[in-house]
Amino acid sequence: TRALSAIARVLIRDCERKEAQFNQRPYFRILSNLLMDVSAPEPNFEQVHFQLLSAFCNTFHTCNPNRVPNFAFAWLELISNRMFMPKLLMVKGQRGWLMFQRLLVQLLYFLEPYLRRVQ
């Protein structure tokens, strides 16, 4: 979780400093590769796997489009990634549903001004 929070802090700081010149691709690649690495199937580590998914969920919450609008496309790709969303929603006892709901609500808050303009 320390690595994820450090990546999130640097991402936010980089976006605030560079604004229009912000490049989301390096951060997308780092987070995507980390997500792929930790999603290896390990049946003995189900609880640890949930904790890792929870850490990613918290990182995505921190880097949501309302806070980092220049990261919105990469953020949407990451939360809908096949190594994240399905695995989070398939956790026993539906423990991941509330976390994913929070991410979806953040997406809808971000889209709300654009959706109001559509007639």
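F56 and F60 are four residues apart in helix 3, so about one helical turn separates them; helices (H or I, at least four residues) and strands (E, at least two) are DSSP runs, numbered from the N terminus. The two residues form an aromatic pair classed as tilted, with 6.0 Å centre to centre and 45° between the planes. For such a pair, the ring centres of Phe, Tyr or Trp (its six-membered ring) lie within 6.5 Å; planes under 30 degrees apart are stacked, over 60 edge-to-face, and the rest tilted. The structure has four aromatic pairs, and F56, F60 and F84 form one aromatic cluster.

This is a predicted model, in which local features need pLDDT of at least 70 and side-chain atom pairs count only at pLDDT 80 or more, while totals for chains, interfaces and linings use all residues. Residues are numbered from 1 along each chain as its sequence is written, and side-chain values use heavy atoms, with hydrogens and water left out.

Both F56 and F60 are buried, where buried means under 20% relative accessible area, exposed over 50%, and partly exposed in between (1.4 Å probe, protein chains only). In soluble globular proteins, nonpolar side chains tend to be buried together. The largest nonpolar core here has 31 residues, and F60, F71, F84 and L103 have the most contacts inside it. Such a core is a set of buried Ala, Val, Leu, Ile, Met, Phe, Trp, Tyr and Cys residues joined through side-chain atoms within 4.5 Å. Two or more of its residues come from each of helix 1 (2-18), helix 2 (25-38), helix 3 (46-62), helix 4 (72-79) and helix 6 (97-117).

Leaving out residues up to four places away in sequence, L103 touches C57, F60, H61, W75, I79 and F84; a contact means heavy atoms within 4.5 Å. C57 is buried, at 0% relative accessible area. C63 is in no disulfide either, the nearest cysteine sulfur being that of C15 at 9.6 Å. C63 is buried too, with a relative accessible area of 1%. With a disulfide defined as a pair of cysteine sulfur atoms within 2.5 Å, the count is zero.

Two further sites can be inspected. S32 lies in helix 2 and counts as buried at 11% relative accessibility. The charged end of R95 sits over the ring of F50, 4.1 Å from its centre; the criterion is NZ of Lys or CZ of Arg within 6 Å of the ring centre and within 35 degrees of the ring normal.
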